[in-house]
Amino acid sequence: MRLGHHEFNMTIDEYQIEMANKVINNKTLVFIDTNILAYLYKLHSTARNEFFNWSGSLIQDNRLFLPGWAANEYLNRVTTNKLDTYTHKSKEPLQAKKAYESLYETASLFVDDDLLNKISFQGNRTEFLEEFRNTIDSLDKFNNAFKQQLKPGDIHKEITEHFSDVVLDSDLSKLCIRASQEGDIRFEHRLPPGFKDSGKGENRFGDLIIWFEILLKSKDTISDFDNVLFITNDEKSDWVYAPKMRAIIKAENRKLIGNNKPEIKIADPRLISEFTKETGHSKFSICSLSTLVESLSRTEPTSFTHLAGAIQINIQETEEDAPVEDAPVEDAPVE
């Protein structure tokens, strides 16, 4: 749809089932972004293995690839010894504890029995402060887990074993020249992708180069693949957007509600238009890793148990079963 969707006539369930069908389809070509590799450094080993098993099946079918520029961005972390920047930061729990310490000091100044009565706290001021203090101290046993960092070298080895052979053999020098020639004018006119990175000091054309690679590979393999999916955790508005409304089914009636909690994001129509001009079809989609896992969990729940748990996805509850968040609802059913 060249003018985009204000109202997206699909439910969360329908969207996820459609996404799962695209991924399962052997005629779908899949690309993964640098930030997906980075995310693997945050997952425990069992969750990573589920991702490797899934991606490995697509690699066997010769339909999953890592853009050359994504590999280049990742390589820059390797050659500068910065892979540990992908892991969880052990200082974050310390910062959180300091914030609670500050709140405790503030509470010591203003909390009194009258205030505690208003918030229905069962106890007096002294008991409140003691319980607050004990709660802060009890966080240490959980914070200690963050001091045990994952080993970047081991995860890097896993990544190279799984993805080294699927890096696109793109002429990056040529694509850099093309991006430098076209990038500024595209960004000036807010033509996606990548214009949100226009203020970057370096690598501001990275997303654009990846886009060029997706277009070239999709065009070259058009006889083998009639669907293309780009998996990225970059959900800035120079790649995707969220329609204002989406559908929901309650009591067998289809209605429109505000598209939030959860939110459906879809590829910018300008990307699809450019993709269509290059390849001859418009079946290009973008989704995040969490959307991918939640969608696939509908068809293969046992294959993504640990990965879904790590990303905090409920793979059992459907939207029709879930309570509806406060959101504007259209009075008229959607035809």
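**Briefing: contacts, rings and loops in a predicted model**

Residues 24 or more positions apart account for 77% of the protein's contacts with a separation of 6 or more, where a contact means heavy atoms within 4.5 Å. Of the 335 residues, 41% are buried; buried stands for under 20% relative accessible area, exposed for over 50% and partly exposed for what lies in between, with a 1.4 Å probe and protein chains only.

This is a predicted model, in which local features need pLDDT of at least 70 and side-chain atom pairs count only at pLDDT 80 or more, while totals for chains, interfaces and linings use all residues. Residues are numbered from 1 along each chain as its sequence is written, and side-chain values use heavy atoms, with hydrogens and water left out.

**Confidence**

- The mean pLDDT of the protein is 88, and 90% of its residues reach 70 or more; pLDDT is the predictor's confidence in each residue, from 0 to 100.
- Please take care with residues 314-332, where the pLDDT is below 50. Beyond near neighbours in sequence, this stretch still has 35 contacts in the model.

**Helix α4 against helix α11**

- The axes of α4 (residues 68-79) and α11 (residues 206-220) come within 8 Å and cross at roughly 140°. Axes here are lines fitted to C-alpha atoms, for helices over the stretch in contact, and angles run from 0 to 180 degrees between N-to-C directions.
- From α4, the contact draws on G68, W69, A70 and E73, and α11 contributes G206, I209, I210 and E213.
- By class, four of the contact residues are nonpolar, two polar and two charged. Nonpolar covers Ala, Val, Leu, Ile, Met, Phe, Trp, Tyr, Cys and Pro, charged covers Asp, Glu, Lys and Arg, and the others, Gly among them, are polar.

**Aromatic pairs**

- The count comes to 16 aromatic pairs. Rings of Phe, Tyr and Trp (its six-membered ring) pair if their centres lie within 6.5 Å, and planes under 30 degrees apart count as stacked, over 60 as edge-to-face and the rest as tilted.
- One of them joins F8 and Y15 edge-to-face, at 6.4 Å centre to centre and 75° between the planes. Both F8 and Y15 are buried.
- W211 and F284 also make an edge-to-face pair, because their ring centres are 5.2 Å apart and their planes stand at 65°. This pair links distant parts of the chain, with W211 in helix α11 and F284 in strand β9 (residues 284-287), 73 residues apart.
- W211 is buried at 0% relative accessibility, and F284 is buried with a relative accessible area of 3%.
- W211 and F284 belong to a cluster linked by ring pairs, together with F230, W239 and F275.

**Charges over rings**

- R133 lies over the face of Y104, at 5.1 Å from the ring centre. The rule asks for NZ of Lys or CZ of Arg within 6 Å of the ring centre and within 35 degrees of the ring normal.
- R178 lies over the face of F212, at 3.6 Å from the ring centre.

**Backbone features in loops**

- The peptide bond from P192 to P193 is cis, with omega near 0°, and P193 is in the loop between α10 (172-188) and α11.
- A second topic entry is the cis bond joining K261 and P262, with omega about 0°. P262 sits in the loop between β7 (253-258) and β8 (266-267).
- N62, a residue other than glycine, has a positive phi near 60° and lies in the loop between α3 (45-60) and β3 (64-65).
- N81 is not a glycine either, yet its phi is positive at about 55°. N81 lies in the loop between α4 and α5 (91-110) and is exposed, with a relative accessible area of 69%.

**Two residues to look at**

- E14 is in helix α1 (residues 12-24) and is partly exposed, with a relative accessible area of 25%. Leaving aside neighbours within four places in sequence, E14 is in contact with N9, I249 and R254.
- F187 is in helix α10 and is buried, with a relative accessible area of 8%. F187 and L208 are 21 residues apart in sequence and 10.0 Å apart in space, C-alpha to C-alpha.

Definitions and conventions
Helix = DSSP H or I, 4+ residues; strand = E, 2+ residues; numbered from the N terminus.
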